[in-house]
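Visitor: I have a model open and would like to learn how to read it. Can we go through it feature by feature?

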Amino acid sequence: MLQPVIHYGIHFLGPLAVALWFYKPQWKHAYLIMICGMLIDVDHLLATPIFSPGRCSINFHPLHSYWAIALYILLLVPKKTRLIGLGLVIHIIADIVDCSLM
């Protein structure tokens, strides 16, 4: 019961905290962009079954692979892609925490 609360708490409250802390004047815009990081879960549609409660996403789904994670970290460097990178990295952190709680 606690695992989904932590997982989705990080997914939604992590970007909100970053938006409010670092992007206060434009926090809504920053939050919306970071929340779009959840779109990488579209790669779950490639798996059979689509959802498996005991499966760790990290390095199983293509957009959760180590290569993709390295790209997401690189997106943090340029200012133009930083919000996208933050959303994706926070998403990956949520999934890593979820995997560690399994």
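Visitor: Let us start with one side chain. Does Phe 22 count as buried or exposed?

Guide: This is a predicted model, so keep that in mind throughout. Phe 22 counts as exposed because its relative accessibility is 59%, and exposed means over 50%. Trp 21 is exposed too, with a relative accessible area of 68%.

Visitor: How do I read a pair of aromatic rings?

Guide: Take the distance of the centres and the angle of the planes; they describe the pair. A search of the whole structure finds 1 aromatic pair. Trp 21 and Phe 22 form it, edge-to-face, at 6.4 Å centre to centre and 70° between the planes.

Visitor: Next, helix packing. At what angle do helix 1 and helix 2 pack?

Guide: The angle is about 145°, and the axes are 8 Å apart.

Visitor: Which residues make up the largest nonpolar core?

Guide: There are 9 residues in all, including Ile 40, Ile 58, Tyr 72 and Cys 99. Helix 3 (66-74) and helix 4 (82-100) each give two or more. Helix 4 gives the most, with 4 residues.

Visitor: What does Tyr 72 touch?

Guide: Leaving out residues up to four places away in sequence, Tyr 72 touches Ile 40, Leu 63, Gly 85, Leu 88, Val 89 and Ile 92.

Definitions and conventions:
Residues are numbered from 1 along each chain as its sequence is written. This is a predicted model: local features need pLDDT of at least 70, side-chain atom pairs count only at pLDDT 80 or more; totals for chains, interfaces and linings use all residues. Side-chain values use heavy atoms; hydrogens and water are left out. Rings of Phe, Tyr and Trp (its six-membered ring) pair if their centres lie within 6.5 Å; planes under 30 degrees apart count as stacked, over 60 as edge-to-face and the rest as tilted. Buried means under 20% relative accessible area, exposed over 50%, partly exposed in between (1.4 Å probe, protein chains only). Axes are lines fitted to C-alpha atoms, for helices over the stretch in contact, and angles run from 0 to 180 degrees between N-to-C directions. A nonpolar core is a set of buried Ala, Val, Leu, Ile, Met, Phe, Trp, Tyr and Cys residues joined through side-chain atoms within 4.5 Å. Contact means heavy atoms within 4.5 Å.
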